[in-house]
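Have a look at the structure, then follow the points below.

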Amino acid sequence: MTSISIWEIKVLNTPFLNKKCHRCNNSSFYCSDKFRLNAQKKNIDIWLIYKCSNCDGTYNMRISSRRKAELIDKGLFEKFTANDKETAWEYAFMPSIASNNRVELNYASVEYQVIADLLTLDQLLEERTGIKVFQIMCPFDFKLRISTVLKYCLGLSEREILKIMDGKVISVDGNIWKKKDRVRGFMLLEINLAGLRSIFNGE
């Protein structure tokens, strides 16, 4: 049985918003991990609260408008009222929510750690198994490219990345890896070791 190595992407913060503050003219807001709910008769408005990174002025990003309470999942509603951090992060990473509010997510502001047993290209080339399998685990899409993870976890240079891509020896979830491909959710990355050796050792 082929062993699977884990590459875990641990996200440390939600993306900032590129938005001008009306109080101090700063252009960056961070998520407070808190919700605001407002009930009007049988309808409920729900916002995710952001704060200016300079003066703590607030901006409310609308999640739901005038929605009937009985149409909201009970468990989700409880998470809104409890300011559940995991739920706040899910909405903070949703591009559709930002788009609906006409604000831009600054994905470059997201900090992360890669938790993995690092390998070198030489170590990979010495392995004699047919396929080397890695599972990439990342709960959020913040436009992190798979090539960036490959560079870090395998110590690859840009030149080596391009040679591997041209050789088509890596597949992601069954499809040939392309340099523009991004990390999303849980992915299986497979390296054809015979093909890799052919690229670098001429075997």
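This is a predicted model: local features need pLDDT of at least 70, side-chain atom pairs count only at pLDDT 80 or more; totals for chains, interfaces and linings use all residues.

The 31 positive and 24 negative charges of the protein have mean positions that lie 10 Å apart. Residues are numbered from 1 along each chain as its sequence is written, and side-chain values use heavy atoms, without hydrogens and water.

**Overall build**

- The protein has seven helices and eleven strands, which are DSSP runs numbered from the N terminus (helices: H or I, at least four residues; strands: E, at least two).
- Its C-alpha trace spans about 70 × 40 × 25 Å along the principal axes.
- The radius of gyration is 22 Å, whereas a compact globule of 203 residues would have one near 17 Å; the value is taken over C-alpha atoms, and the globule rule is 2.2 Å times the number of residues to the power 0.38.

**Inside the protein**

- Of the 203 residues, 39% count as buried (under 20% relative accessible area; exposed is over 50%, partly exposed is in between, with a 1.4 Å probe and protein chains only).
- The largest nonpolar core has 58 residues, and Leu-150 and Leu-189 have the most contacts inside it; such a core is a set of buried Ala, Val, Leu, Ile, Met, Phe, Trp, Tyr and Cys residues joined through side-chain atoms within 4.5 Å.
- Leaving aside neighbours within four places in sequence, Leu-150 is in contact (heavy atoms within 4.5 Å) with residues including Trp-7, Trp-177 and Leu-189.

- Ser-64 sits in strand S5 (residues 58-68) and is buried, because its relative accessible area is 11%.
- Ile-131 belongs to strand S8 (residues 131-138) and is partly exposed, because its relative accessibility is 34%.

**Two residues with positive phi**

- Most residues other than glycine have a negative phi.
- Asn-83, although not a glycine, has a positive phi of about 50°; Asn-83 lies in the loop between helix H1 (74-81) and helix H2 (85-92).
- Asp-173 is not a glycine either, yet has a positive phi of about 50°; Asp-173 is in the loop between strand S9 (170-172) and strand S10 (175-176).

Technical notes:
Lys and Arg count as positive and Asp and Glu as negative; His and the chain ends are not counted. The place of a charge is taken as NZ of Lys, CZ of Arg, CG of Asp or CD of Glu.
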